[in-house]
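Q: I would like to go through this model with you, one region at a time. Could we start once it is on the screen?

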Amino acid sequence: MTQTIAFIGSGNIGRSLARLAVDAGLDVVMSNSRGPETLADLIAELGDQARAATPAAATEAADLVVVSLPFHAYDKLPPEPLRGKIVIDTMHYFPERDGRIEELDERRTTSSEMLQRHLSGSHVVKALGNMDFLRLYSSARLSGDLERSALPVTGDDAVAKAEVTRFMDTIGYGAVDIGSLADSWRHEAGTPINVLPYVSEPPKGLNQEQANHWMFNAPAAVVSAVRVKELTDQATRTGRVGLFLEDLFPVDS
Ligand SMILES: NC(=O)c1ccc[n+]([C@@H]2O[C@H](COP(=O)([O-])OP(=O)(O)OC[C@H]3O[C@@H](n4cnc5c(N)ncnc54)[C@H](OP(=O)(O)O)[C@@H]3O)[C@@H](O)[C@H]2O)c1
C-alpha cells in the first residue's frame with residue numbers, strides 16, 4: 001500500500017483528503033500553483049507527516065497523486081513527472097467557472113478522459129469528487145463502521161482502481177467500481193450521486209440563502225454501496241452540463 005500521497009491542488013478538497021490521509025498514518029506532500037512557501041500554515045496544521053513541494057517534486061515522492069484543481073487548469077499538470085503514477089481525479093467541469101469546452105458540452109467525452117489524454121503515461125482514476133469537502137472529511141469511518149459511506153470509482157486500469165480502492169478504505173470510505181473513464185459522467189457534477197445523497201434531507205421551504213447555510217451545517221447521511229450503484233445507474237446524459245449544487249438544491253424562490 002502506498003505510504004506517501006502527493007497532492008496537486010491544496011484547496012478545499014485537497015486539504016480534506018490530506019487531513020484524512022494524515023489521520024490514517026500516511027505521509028502527504030502538498031503543492032499548489034503559488035509555491036510551497038504559501039502552504040506553511042497548512043503544513044503546520046497537518047504536522048510532521050506533511051511537507052510542501054512544487055507539483056513536480058511532490059509527485060516524485062509518491063505513487064499515488066491526488067489532483068484537485070479547477071478543471072480549466074488540468075492541462076497545466078506536468079505529464080512527465082506524473083508518468084507511471086496513479087492519478088486520482090477529483091475534478092469537475094463547470095462551464096461557468098472553467099470556460100466552455102465543446103467536446104464536454106456536447107458530451108462527446110468526459111473530463112476524466114480529457115485528463116487521461118493529457119496524462120497519457122499515467123493511470124487516471126476518477127474518485128472522491130462526489131462529496132462536498134466538509135462532509136468528505138467529517139463522514140469518513142473505519143471499515144466495519146455502520147455509518148461508513150461508499151463512493152463510486154471509474155478508471156481504465158484495474159490495478160490502479162484497486163490501489164485507489166485501498167487508499168479509500170484506509171482513509172474511511174468504501175469504493176464501488178462503476179466502470180471505465182468513459183462511464184465517469186455517471187458521477188460528474190449534477191448527477192444523482194453528487195453531494196446531496198451524503199447530506200441529510202433538508203427542511204422544506206428554504207430560500208437560497210437558508211439553503212446555503214443549511215448545507216454548511218447539515219448532518220451527514222450514510223450512502224451504502226448498493227445505493228451508490230442505484231444512483232449511478234439512474235444518471236442520464238441529458239440536460240445542462242456541469243450543474244452547480246445551487247442548481248440542484250430544492251429551494252423556494
Ligand atoms: N469544493 C468541493 O466541495 C468540491 C467537491 C467535489 C469536487 N470538487 C472539485 O475538485 C476540484 C478542486 O476543488 P476545490 O474546491 O478544492 O478547489 P480550490 O479550493 O479552489 O483549490 C484549488 C487548488 O488548485 C490549485 N491550483 C490551481 N491551478 C493549479 C496549477 N496549475 N498547478 C497546481 N495547483 C493549482 C490552487 O492553488 P493556488 O491557490 O496556489 O492557485 C488550489 O490549491 C475542482 O475541480 C472542483 O470542481 C470540489
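Q: Where is the place of R107?
A: R107 is in the loop between helix 6 (102-105) and helix 7 (111-118); helices here are DSSP runs of H or I with at least four residues, strands are E runs of at least two, and both are numbered from the N terminus. The model is predicted, so local features need pLDDT of at least 70 and side-chain atom pairs pLDDT 80 or more, while totals for chains, interfaces and linings use all residues. Residues are numbered from 1 along each chain as its sequence is written, and side-chain values use heavy atoms, leaving out hydrogens and water.

Q: And what is the phi of R107?
A: R107 is not a glycine, yet its phi is positive, about 55°. Most residues other than glycine have a negative phi.

Q: Which loop holds L128, and is that residue buried or exposed?
A: L128 lies in the loop between strand 6 (123-126) and helix 8. Its relative accessible area is 0%, so L128 is buried (buried is under 20%, exposed over 50%, partly exposed in between, with a 1.4 Å probe and protein chains only). L128 has a positive phi too, of about 65°.

Q: Switching to cavities: how many of 30 Å³ or more are there?
A: The search of the whole structure finds 1, and the largest cavity holds about 110 Å³ of space. On a 1 Å grid over the protein atoms alone, a cavity is a set of points where a 1.4 Å probe fits but cannot get out; a pocket is an open set with protein on both sides within 12 Å along at least five of seven lines; lining residues have an atom within 4 Å of a point.

Q: Which residues line the largest cavity?
A: R107 is one of them, and the lining also includes H92, E188, A189 and R237. By class there are 4 nonpolar, 5 polar and 3 charged residues.

Q: What does N194 touch?
A: Leaving aside residues up to four places away in sequence, N194 touches H92, G129, N130, E188, A189 and L248, where contact means heavy atoms within 4.5 Å. N194 sits in the loop between strand 8 (174-177) and helix 10, and counts as buried at 5% relative accessibility. Its side chain also reaches the backbone nitrogen of G190 at 3.4 Å.

Q: On to the largest pocket: how much space lies in it?
A: About 900 Å³. Of the 38 residues in its lining, N12, I13, F94, R97 and F133 are the closest to its centre. The lining has 18 nonpolar, 14 polar and 6 charged residues.

Q: Which helix gives the most to that lining?
A: Helix 10 does, with 5 residues. Helix 1 (12-23), helix 8 and helix 12 are also among the helices that supply at least two residues each.

Q: Which residues of helix 10 are buried?
A: In helix 10 (residues 208-217), they are A211, W214 and M215. Seen down the helix axis, these buried residues fall within an arc of 105°, so they line one face of helix 10. An α-helix has 3.6 residues a turn, so residues three or four places apart point the same way.

Q: What covers that buried side, and what is on the face turned away?
A: Helix 8 (133-138) and helix 12 (245-248) are among the elements covering the buried residues of helix 10. The face turned away carries the exposed residues E209, H213, F216 and N217.

Terms used:
Points joined across faces, edges and corners; volume = space filled by probe spheres on them. Nonpolar A, V, L, I, M, F, W, Y, C, P; charged D, E, K, R; others polar. Arc of directions from axis to C-beta. Polar contact = N/O pair within 3.5 Å; in protein donor to acceptor, adjacent residues only side chain to side chain.
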